[in-house]
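Please read the points below with the model open beside them.

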Amino acid sequence: MKTALITGVTGQDGSYLAELLIQKGYTVYGLVRRTSTVPTERIYHLHDQLRLVSGDLLDEKSLRHILEECEPDEVYNLAAQSFVPESWSQAILTGEVTGLGVTRLLNAILDVNRHIRFYQASTSEMFGNVQEVPQTELTPFYPRSPYGVAKLYAHWITVNYRESYGLYACSGILFNHESPRRGMEFVTRKVTHAVARIKAGLQQQLALGNLDAKRDWGYAPDYVEGMWRMLQQDRPDDYVLATGETHSVKEWVMKSFGIAGLNWEDYVTIDPRLVRPAEVDLLVGDSTKARTQLNWRPSTSFDDLVRLMVEADWALVREQLVSQQAISHLREQG
Ligand code: NDP
Ligand code: GDR
């Protein structure tokens, strides 16, 4: 029976990966950082199967201690300051966590056990101002945000430690992947959640930035399966995971409102403050290598992804409304 450690376990991908590995019979540890509020909403349902350990990518000693305590066969590094706009206002923090944090974790692996298999959550944001369409593992990088720059450092340090020390270290270059567990600040979820609230009469408008950017959007559970497959090969390597289709933010908006029977133009406004200082205009990935070597493929179409997220947010908003009504009813009754 294998043991895995997941950093970023409280995030979207961490929660799906924890489910997958538990289902495969792994003993799963999740690294959580100390906070004054409880960030475990996405993993609450796993509370009796998942072991949480306290640490931080900013603190190398905590990482070494965790590796000694958990003795993992596999480490999945999903922790990051992952919100692109925030990386301009917190460029140093983003560099420390998203970039240097990976070196801290790799150093801890070198010190504790060099046989640990390591997965690094790299990103299509490293392609940035794209030099080639579609993008493959060989496409040159040109990041367009402090986040992209930090992730590029993390990617190359992973490759470098593999080549320097013979570590089994893989970098998964993943294109955008979404789900009902996506953070509310990312555009897909921001839109589907707003659609549900508008439909329920709780919100009148939705402010967005650049509607022309194009992304290759897949479904998160498919992508965590790809992460696991990367660590089960004979030799470590880097792989792109993507659907191979690209759609604009505007298409996402139109479809989401359309599913709810609403006309998006009646609700969406453009706020220039939400337009980024430097934008990534077009991303579309070629995942042929993962499809042939890992036998990986995405299962969910763009239309199905939009629909499942709109429906999940509609269910969530309805549930909140019902509980609010129940509370008011109880208050009225004194
Ligand atoms: P989320 O933003 O949902 O989750 C990020 C996780 O990192 C959270 O668990 C967060 O903890 C944790 N974290 C942040 N800072 C630290 C720190 N200093 N020490 C320890 N943990 C920390 O990201 P996703 O699940 O969407 O993405 C997972 C990874 O994949 C990220 O690295 C992201 O950059 C990368 N990625 C994501 C893609 C996507 O489309 N989703 C595509 C390509 C790459 P807390 O809950 O306490 O904030
Ligand atoms: P991205 O995702 O930057 O691709 O990074 P995000 O959903 O934030 O933006 C996608 C595109 O939508 C445009 N956009 C807006 N974005 C947000 N967040 N809010 C808005 O109001 C808005 N209006 C338009 C953006 O300009 C952009 O072009 C995500 C993260 O998960 C990263 O961590 C990950 O590495 C990449 O995906 C792959």
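1. Conventions. This is a predicted model, in which local features need pLDDT of at least 70 and side-chain atom pairs count only at pLDDT 80 or more, while totals for chains, interfaces and linings use all residues. Residues are numbered from 1 along each chain as its sequence is written, and chains are lettered from A and ligands numbered from 1 in the order in which they are written.

2. Overall form. The protein has a radius of gyration of 20 Å, which agrees with the value near 20 Å for a compact globule of 334 residues; the radius is taken over C-alpha atoms, and the globule rule is 2.2 Å times the number of residues to the power 0.38. Along the principal axes, the C-alpha atoms fill a box of roughly 60 × 55 × 40 Å. The protein holds 10 helices and 13 strands, these being DSSP runs (H or I, at least four residues, for helices; E, at least two, for strands) numbered from the N terminus. Of the 334 residues, 44% count as buried, where buried means 20 or more other C-beta atoms within 10 Å of the residue's own, exposed means 12 or fewer, and partly exposed lies in between, with C-beta atoms placed from the backbone.

3. Domains. The domain assignment, automatic or from a database, gives domain 1 (3-179 + 218-241) and domain 2 (187-214 + 247-278 + 301-333). Their centres, taken over C-alpha atoms, are 29 Å apart, and the contact takes 7 residues from domain 1 and 7 residues from domain 2; two residues are in contact if their C-beta atoms, placed from the backbone, lie within 7 Å.

4. Ligand 1. Of the 25 residues around ligand 1, Gly8, Gly11, Ala79, Ala80 and Ala121 come nearest, a residue being near if its C-beta atom, placed from the backbone, lies within 6 Å. The largest share of this shell, 3 residues, comes from α1, and both α1 (12-23) and β5 (117-123) supply at least two residues each.

5. Ligand 2. Here 22 residues surround the ligand, and the closest are Ser82, Thr123, Val187, Gly209 and Ala213. Helix α6 (residues 187-199) gives the largest share of the shell around ligand 2, 3 residues, and this shell draws at least three residues from each of domain 1 and domain 2.

6. Helix α7. The buried residues of helix α7 (residues 220-230) are Ala220, Tyr223, Val224, Gly226, Met227 and Met230. They lie on the same side of α7, because they cover an arc of only 150° around the axis, the arc being that of the directions from the helix axis to the C-beta atoms.

7. Two single residues. Val240, in strand β11 (residues 239-241), is buried, because 27 other C-beta atoms lie within 10 Å. Leaving out residues up to four places away in sequence, Val240 touches several residues, among them Gln135, Ile173, Gly285 and Ala290. Trp88, in helix α3 (residues 86-89), is partly exposed, with 14 other C-beta atoms within 10 Å. Beyond neighbours within four places in sequence, Trp88 is in contact with Ser145, Pro146 and Pro277.
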